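I set out to look up selected local features in this structure and to note each one as I found it. The entries below follow the order of my reading.

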Amino acid sequence: MTTGEVWQQLLSSALVGLDKRRVALSEVEGPLETVLAPGDLGPDALLSAAAAVTLTRRGGFTPVKGIEPVVAPAGEARLAPAAAGARLARLMSDAEGFIDRRTRRELIREWLELAAERELTAPPHLLVALADVATSEAALRPLVRAAGGSRLAWLAELGPGRWAWALPEAPSEPDEREWHTGAIEVRARFLLACRQRDPAHGRRLLTESWPTEKAVDLAALMRACREGLSLDDEAWLEKALDDRRGQVREAAAELLAALPGSAYRLRMAERVLACCRPEGDKRLLVTPPAEFDAGLRRDGLTNKPPYGMGERAWLLLQIVSVAPLECWTAIDDDPSKLLARKVNDDWRATLLPGWARAAVVQADPKWALAVYRSGYDGAPGSTTEIVALLSPEDAAEVARDAVQGRASRMNELLAALPRPWTREVSEIVLGYLSKPEQRQRGGWSTLTYLAETGFSPEMLDNVVEIVRTCEDEGHAAALGQLASLLQIRSKIRREFQ
Amino acid sequence: MPEWSPDQVRALAPDASSLQAATKLARAGGWSESGSGGDPASVWGLCQGSGKSPYQTCVDLVEPAYRCSCPSRKFPCKHALALMLLWAGGEIKEADQPEWVREWHQGRATRSARKAAPAAPRTEAQQKAAAKRAVARQQRMASGVAELRQWLADQVRHGIAGTDQLGYKHFETLAARLIDAQAPGLAGAVQAIAAIPSSGPGWEERLLTEFAMLHLLTTAAGADLPDELAAVARSRLGQTIPTEQVLATPPVRDVWQVIGLRDSHEDRLSVRRAWLIGAGTGREALVLSYAMPGQALASDLLVGQAVDADLCFYPGIRALVATKHGMKFWSVTGGGPAGQGGGRRLGTTVAEALRRLTDGLATDPWLWGWPMLLRGSIVPGERWHVVDSEGDALPLDARCGDQWRFLAASGGDEAVIAAEWSWAGLIPLTMFVDGDVILP
């Protein structure tokens, strides 16, 4: 019997007990031939034989055959310099323990941006950690993809599904089989690629498969048609508004709202102007829709207000949010003039979030400025979206006003401005920070904290200069912290050279 | 020119807060009269603390050993760490060692000479008493061995199939009796296998394997064996070997490459296993260090480092670092300093590693792990593998999970992979690729 057969005998006897099943070895072949004699085994002999088999197996392990390496395609991208790579490794592993989480994330982002500008890739051994960071933080994905290069795409193909976002873009020549058999993400991506080169073809594909699609898939596919959207799409989208499935109507309304010159937008403009009428130069008379009619339902509105809001206010808010902003020129040329008007009852509180939403969705910097200036203090996150739309000149002007005003609002603005801040904004903040008496005001430490990542590292010299000439010790110490972070950031930059 | 990277210095920090404080100190400036060099290679400086006079900080880079006049009881303290960070960053110039640094080195040399001096020879009475104690111990040990042997025989006689229903108590009772019999080594071995019945499918086979190996040990306890095997068996049975006795064995000097570390916890004690492979001799060694709760584990052996040192071996693979002759960072591409294995291609084939494992088993049949420094590719799959250029593959231990980081680092290409071979497969510890030392 072979070593394996011996082991099976020993094991089966040991399992049920030697009292119940005895072991009788016949002639043993192989390495144990001279070690194990045939015959009946007692408990000690069984254990000795088992030890012999164990040692034979451990000492004579046979390598596995038929395993082929899986090798990544040779990368064309250049690797970031060693010093920069080592820095990223430290940032990722939190080895520079003194940096708090948010700052650390900002520094990682900065590193990735610097790498992307130079078309350099991150050290491969960090890709798993980067992929996991970007899996939980979608905003980092484009940067991580760039820094990951072909190695990351390769890894995502082999790796667990959570890295699917890092899969390579659909091949330049889309494969129509994907459309018929792929998962919904793949199909949506295919459709998007298709719409990029031939919107009509994409439209045709979707119309053909329309009857067999599930509502949730249709909504995803329709959103992919935002690419290449034109008035040629209006007919099928209008038809989709009559669909009995809510998700489909919602997607159709979204697309039509984004389509310049659509009848949908005209309808919304008419509705909004029917609700809001100017009274002289200084007042606006608002009368929200009296009832939720079939037309409103068809155009994707709902009559289910969020908790705490009346139904009429909700209808008004939805209409104002999707109406094309240019329709307001029928009342005032300049949004700031419109926003300055006095509004009857409490309707201004409903109009403002609607305008803010419209400004963000329609990405209108002029409206964004007007809404911000009006003192709009919306839901968390919406200020960030508004501020991000401001032109650099407007941003500087707003910042100049902000440092004169309430500290909390100043910091809210500065936290929301895209980083690094422009030279103008940085100088305004620096001017504020240079005055020791400002430290007595609230929000000072938050501001220095924001400046740690808001300033461009070129500001280091200016900050050091203030620290050097400052006579107030506490003030100098507080700014020293800022200086040291800017120092790290300028080191990160230098490491890329 | 510093031979340590800042990362290597960071690895020496006893805890995160020390490192944080040290990083701040290193950035803040405030160091004076600093310098590096001399023999033994050192770095030193004065750091202005909160007190009147500055702290004197000095690091012997060979040991490494630290001295600082600050009151901190952390080792190394933040000042020593900060100093090394500055040095590793290339910000400390070469200089002659000042008086206080030389004095410290001299003091240490005197102290260690005194420690090394042989103890006064034992009197006749003492020797007699010791011999008596040894005999008594032998007898108690023999009774423990007999007890275990009988217990093992009972297990296979009655059948092990139901052991997973019996719980830890089944093993604990025996372990307690073995401790009473002053056979802590056997008690520990019994406790170590207590978890097997609850370790999932295939536990029966694993349990029989461990029973068989314990049985083999009880056989060895009473057998007439060659000296080396007998010594191994005695140490596996739990006989402690005094450090002096180990240090008295002929040292093995080599450039010892630290290929991987693995930490575990035994009985509230933290244990660090450092796997070493000699660059010249190719010999494997295991250096253990222990830490009590709240203490930091020894950090003088860093992965990726090659230490020119004398090692003294316990019976088997375990060793002690007796004397260090210097500390260099091991460049993987270079494979250690020239003349001591330098220029050699690092890593072996699977077949070579298995051959050495067989030799290791011949010395110590009770090995539970074996270091391998393989040159091969890591291959993902249902079961992961490391495959070499000959097409020979070893499976990874399924318990250590998927090794995406190693796969990403090597791109599936050939790399040097340090691993511990457990009987369930490879446990990858370190990958050396493009001069980088990558941990899982």
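**Entry 1: a cis peptide bond.** I looked up Pro420(A) and placed it in the loop between helix H21 (407–416) and H22 of chain A. I am working from a predicted model. The peptide bond joining Arg419(A) and Pro420(A) is cis, with omega at about -5°. I note for context that most peptide bonds are trans.

Entry 2: I moved on to helix H22 of chain A, residues 423–433. There I found a salt bridge between the side chains of Arg423(A) and Glu427(A), at 3.1 Å from N to O. How far apart in the helix are Arg423(A) and Glu427(A)? They are 4 residues apart, which means a separation of about one helical turn. The general rule applies here: an α-helix has 3.6 residues a turn, so residues three or four places apart point the same way. I recorded Arg423(A) as partly exposed, with a relative accessible area of 42%. Glu427(A) is also partly exposed, its relative accessible area being 42%.

**Entry 3: a salt bridge between distant parts of chain B.** I next examined Glu420(B) and Arg273(B), whose side chains form a salt bridge at 3.9 Å, N to O. This pair links distant parts of the chain, since Glu420(B) belongs to strand E13 (residues 415–422) and Arg273(B) to strand E6 (residues 269–278), 147 residues apart.

**Entry 4: a salt bridge between chains.** I then looked up Arg57(A) and Glu205(B), and found their side chains meeting in a salt bridge of 3.9 Å, N to O. The pair crosses between chains: Arg57(A) sits in helix H2 (residues 43–59) of chain A, and Glu205(B) in helix H8 (residues 203–222) of chain B. I noted Arg57(A) as partly exposed, at a relative accessible area of 37%. Glu205(B) is likewise partly exposed, at 30% relative accessibility. A search of the whole structure, over all chains, gave me 44 salt bridges.

Entry 5: I turned to helix H24 of chain A, residues 460–469, in which Leu460(A), Val463(A) and Ile466(A) are buried. Why do I place these three on the same side of H24(A)? They cover an arc of only 130° around the axis, and therefore lie on the same side of the helix. On the other side of H24(A) I found Asp461(A) and Arg468(A), both exposed.

**Entry 6: positive phi angles.** I looked up two residues for their backbone angles, bearing in mind that most residues other than glycine have a negative phi. Glu119(A) has a positive phi of about 55°, although it is not a glycine. I located Glu119(A) in the loop between helix H4 (101–117) and strand E4 (120–121) of chain A. Its relative accessibility is 65%, so Glu119(A) counts as exposed. Glu33(B), also not a glycine, has a positive phi of about 50°. I placed Glu33(B) in strand E1 (residues 31–37) of chain B. At 62% relative accessibility, Glu33(B) counts as exposed.

**Entry 7: a negative surface patch.** Which residues form the negative surface patch? I listed Glu5(A), Glu27(A), Glu29(A) and Glu33(A). Of these I followed up Glu33(A), which lies in the loop between strand E1 (23–25) and strand E2 (39–41) of chain A. Glu33(A) is exposed, with a relative accessible area of 53%.

**Entry 8: two distances.** I looked up Leu256(A) in helix H12 (residues 246–257) of chain A. At 0% relative accessibility, Leu256(A) counts as buried. The C-alpha atoms of Leu256(A) and Leu229(A) are separated by 9.2 Å, and the two residues are 27 residues apart along the chain. Finally I took Ile184(A), found in helix H8 (residues 184–197) of chain A. Ile184(A) is partly exposed, with 23% relative accessibility. From Ile184(A) to Trp7(A) I noted 51 Å, C-alpha to C-alpha, with the two 177 residues apart in sequence.

Technical notes
Residues are numbered from 1 along each chain as its sequence is written. Chains are lettered from A and ligands numbered from 1 in the order in which they are written. This is a predicted model: local features need pLDDT of at least 70, side-chain atom pairs count only at pLDDT 80 or more; totals for chains, interfaces and linings use all residues. Side-chain values use heavy atoms; hydrogens and water are left out. Patches are made of residues with over 30% relative accessible area and no salt bridge: like charges are joined within 9 Å, nonpolar side chains (Val, Leu, Ile, Met, Phe, Trp, Tyr) within 5 Å. Accessible areas come from the Shrake-Rupley method with a 1.4 Å probe; for residues, only the protein chains shown count as cover. A salt bridge is a side-chain nitrogen of Lys or Arg within 4 Å of a carboxyl oxygen of Asp or Glu. Lys and Arg count as positive and Asp and Glu as negative; His and the chain ends are not counted. The place of a charge is taken as NZ of Lys, CZ of Arg, CG of Asp or CD of Glu. Helices (H or I, at least four residues) and strands (E, at least two) are DSSP runs, numbered from the N terminus. Buried means under 20% relative accessible area, exposed over 50%, partly exposed in between (1.4 Å probe, protein chains only). The arc is that of the directions from the helix axis to the C-beta atoms.
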